[in-house]
Amino acid sequence: MISWRGFLKRFFSDPVAIGSGIVLLILVLMAVFAPLIAPQNPYDLMQLDIMDSDLPPSWRDGGDPRFWLGTDTQGRGVFSTIMHGTGISLLIGIGAVIVQGILGVTLGLWAGYKGGWVDSFLMRLADIQMSLSTLMIAIIALALFQAAFDANIYSDYAIFMLILIIGIAEWPKFARTVRSSVLGEKNKEYVDAARVIGLPARKVMWGHILPNTLTPVLVISTIQVAEAIMTEAALSFLGLGMPTDKPSLGSLIRSGFEFIFSGSWWITLYPAIVLVALVLALNLLGDWLRDVLNPKLRRGDD
Amino acid sequence: MTHSINDPIVETRGLEMRFSLPTHFLSRKKPVLHALSGVDIQIQKGETFCVVGESGCGKTTLGRAIMGLLTPSSGEIYFRGERIDTMDEAERKPIRADMQMVFQNPYASLNPRRNVFQTLAEPIRYLMPEKSGADVRAQVEAVLDATGCDQSWQRKLPHEFSGGQRQRIAIARALVTNPAFIVADEPISALDVSIQAQILNLLNDLQDERGLTYMFITHDLSVVEHFGDRVAVMYLGQVMELATTDAIYRDPKHPYTQLLLAAIPRLEGGSFDAPREPGELPDPVNPPPGCPFAPRCPIAQNICRSERPLLRELETSGTMAACHFAE
Amino acid sequence: MALLDVTDLHVAFPRGKKGEVEALRGVDLTLEKGQRLGVVGESGAGKSMLAFAILNLIADPGRVTQGSVTFDGQNLLELSERQIRRIRGNRISMIFQDPMVTLNPVLTIGKQMIETLKAHRSISTREARRLSIEKLNLVAIPSAASRMDAYPHELSGGLRQRVVIAIALLTDPELIIADEPTTALDVTIQAEIMSLILRLCRDNDVALILITHDLGVVAEVTERLMIMYAGKCVETGRTRDIIDAPKHPYAVGLLKALPQNSAKGAKLYQIPGSMPPITNLPTGCPYHPRCERSTDKCRAAMPPLEHGVACFHPMHENGARDDAEAAQ
């Protein structure tokens with residue numbers, strides 16, 4: 001274990017950690033305050049003007065100082081859409097990880113503590129699910145969903161569907177991590193001491209064992225947020241994710257990709273850079289957390 | 001000792017504990033480990049009942065079965081005359097406050113994320129829900145005083161303490177509900193020599209003040225001699241000899257007890273000069289048919305290899321021994 | 001000339017940016033040929049550190065900062081890795097608490113023994129095998145020849161430790177360093193192993209450094225005794241003398257605290273408090289906060305080791321024995 005002071009000291013003595021921390025902080029602040037600070041609200045049709053479409057970045061010939069990174073074919077400022085899109089991507093990433101975490105931690109805790117057939121059943125289920133790729137499950141589910149409902153309903157509920165599908169598809173990672181920590185903890189004497197008092201299994205699991213297994217959960221959460229954002233971007237790029245009128249970073253890249261050969265490269269490039277920066281920062285931060293909190297995990301599979 | 005012999009606080013009758021070992025799911029053999037086979041003990045109120053033996057003898061299993069951490073395969077366990085091994089959690093809850101346990105490893109027996117107050121308050125809050133917050137605080141303070149812990153420890157986490165201090169906290173946790181009976185499973189073997197005496201004295205003082213009954217599980221016979229009233233010597237899941245401490249040290253009847261006593265290193269020296277036969281514990285999955293000690297026993301005869309001797313009272317001394325030839 | 005002569009040995013570990021903490025703070029030790037020495041102390045007293053320092057095995061980032069270890073006229077701390085390998089595992093053998101430190105789990109016992117022998121002697125495999133079986137017989141391993149093909153995990157803890165002793169004896173060493181060799185074993189197995197080590201050393205004139213926390217074991221096995229506290233030797237001398245009449249208050253306390261030294265049912269003598277961590281030592285004598293004989297003098301300065309005891313106010317002051325001086 002490590003104290004808060006030691007933790008901060010380690011953080012501020014590691015340039016990689018500081019760097020990714022700053023990048024992440026900027027992107028998160030940008031996303032959270034997008035409605036207040038974005039130069040334009042890209043969802044407000046009143047603010048859009050078809051005459052502004054396809055403008056290059058402001059420093060290039062034909063650029064408009066109102067649109068720093070240029071505009072897309074509907075006249076939305078790329079910079080403003082990125083600010084809002086980052087928010088949607090982060091929302092889906094974090095939401096999916098919360099779903100994964102709740103499912104995975106509960107099932108992993110249960111499997112590890114109960115053992116026996118409960119454990120065998122849940123872990124085989126996890127194996128099966130891990131052997132199917134997340135993207136494949138998501139494509140099937142979203143394609144059905146899109147076919148079943150009309151476009152308006154789809155665009156209203158797409159964000160929840162993405163969170164749910166990515167969340168459900170990735171629970172085994174949390175479940176396995178938690179289960180293996182629980183197996184290590186449950187034979188320690190403090191658990192016996194709690195059982196000697198007669199505490200019910202529920203209280204022993206949640207009150208005593210879980211708090212001692214949260215370190216690795218914190219580590220994989222960070223990395224899983226990055227992974228969920230990537231999955232969402234991939235789905236959106238395939239046209240199965242966020243609709244273009246509520247674009248995430250992935251749908252922005254997709255909508256610009258059609259025009260990349262007609263010269264409007266900025267519509268795709270800038271969201272892509274932001275996506276890469278966001279995912280990279282999260283991954284680096286996750287790796288750093290893992291090294292600080294539990295160097296033993298480095299040899300693990302995830 | 002003044003307690004009446006007919007009023008045991010804890011009693012086991014024919015206690016058996018079998019664990020099936022994990023196997024390949026296709027294998028036909030189902031190996032079973034016999035951790036306890038037919039253990040009958042009676043612990044009298046107010047005494048220190050020691051259970052001695054080497055690793056694998058079942059002494060910890062016995063303690064954990066009495067505390068309800070393990071469910072016996074067969075046999076009965078009684079606490080103050082009530083059968084407890086078949087009780088469900090709701091029936092057992094009122095008894096929990098009267099039975100507590102101190103564990104071997106003070107580095108593992110305290111939850112690393114809970115401060116001392118949280119650790120000590122939990123048993124009261126769960127087992128005595130009628131207590132108010134002020135009562136809980138008062139009780140925690142009282143038990144900290146009784147176990148020689150400082151009140152300033154309440155808000156600290158376990159990693160801030162040394163092994164001896166942690167064991168004091170673990171003892172305080174066992175005492176916080178004012179139990180009558182405590183199972184102490186090797187409570188000093190993980191501690192440094194100079195700390196062991198502190199903890200033994202503490203346990204002794206607490207017994208005098210509160211009239212506690214101890215079941216003291218240990219491998220260290222020199223501690224038993226000082227600390228115990230009666231001793232059960234266990235080997236491979238069976239009680240080999242059961243007697244008062246004095247009788248065991250003065251006149252051990254069972255050859256295994258004799259071997260154990262001869263193995264204690266003495267400050268006077270000289271007892272390690274003679275060569276010793278290498279002895280190994282038999283495989284507990286396939287125990288020998290007769291006396292489990294027969295393969296190591298210097299006086300074993302054919303009957304020992306075929307027939308398991310039962311624990312019987314010897315006429316001469318009142319010692320109980322499970323040996324065909326003890327007298 | 002003494003077989004082993006350790007003078008003023010210091011071992012330090014870095015702490016923080018520039019600081020260092022000393023795990024050994026100046027230890028002297030002399031061992032004659034065939035002599036058996038017990039090193040006793042609580043965890044953190046530096047007794048294992050001493051064993052590792054003697055073999056020049058202190059792992060990074062720790063290092064020996066001062067002192068010398070002279071074995072048969074050579075300072076082991078100045079030898080190259082190549083030169084010291086000719087001594088370590090050959091003329092000086094080690095037995096650790098966990099047999100699996102010595103045994104390789106994927107090789108048979110026989111292969112490990114033969115390889116050890118061939119690394120130090122130029123002999124044929126057949127001859128090495130014969131010698132190995134001979135040593136396994138010496139440590140009373142039943143059916144030794146067939147055990148040569150066994151893997152370590154097929155043996156019980158007691159047998160494994162016997163194999164480790166057989167390996168330690170393979171090269172006919174002059175000195176064996178045993179670090180808590182029986183702590184993980186049961187009482188009856190401990191008695192077997194210790195009695196084996198005792199007889200092997202005595203019969204073959206092998207010197208022994210036995211590191212343990214158990215005064216009973218030391219009394220049974222060793223002739224000389226050194227008691228360590230917080231990285232220092234606080235008392236040294238003949239085992240018998242120290243056990244019968246300890247001089248340092250810490251040694252007195254340790255012995256008085258043993259249950260066998262106190263009447264049944266009586267309160268045990270207890271040393272208050274616990275040993276300070278090496279990162280936070282008190283001034284002067286490290287034992288003074290726990291000592292009932294301590295005075296201002298003890299708080300101010302570390303008492304030197306004189307007449308076998310490092311204390312300004314030793315017990316049995318007039319009983320300073322001749323051999324206690326000889327130990328210096």
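**View 1. The two domains of chain C in this predicted model.** The assignment, whose bounds come from an automatic or database source, divides chain C into domain 1 (4–91 + 171–327) and domain 2 (92–170). Taken over C-alpha atoms, the centres of domain 1 of chain C and domain 2 of chain C are separated by 29 Å. Residues are numbered from 1 along each chain as its sequence is written, and chains are lettered from A in the order in which they are written. In this predicted model local features need pLDDT of at least 70 and side-chain atom pairs count only at pLDDT 80 or more, whereas totals for chains, interfaces and linings use all residues.

**View 2. The contact between domain 1 and domain 2 of chain C.** Here 25 residues from domain 1 of chain C meet 18 residues from domain 2 of chain C, two residues being in contact if their C-beta atoms, placed from the backbone, lie within 7 Å. On the side of domain 1 of chain C that touches domain 2 of chain C, strand E7 (175–179) and H8 of chain C are the elements that give two or more residues, where helices (H or I, at least four residues) and strands (E, at least two) are DSSP runs, numbered from the N terminus. The largest share of that side, six residues, comes from H8(C).

**View 3. The contact between chain C and chain B.** This contact takes 38 residues from chain C and 34 residues from chain B. Helix H8 (187–204), helix H9 (215–221) and helix H11 (249–257) of chain C each supply at least two residues of the side of chain C that touches chain B, and H8(C) gives the most to that side, with nine residues.
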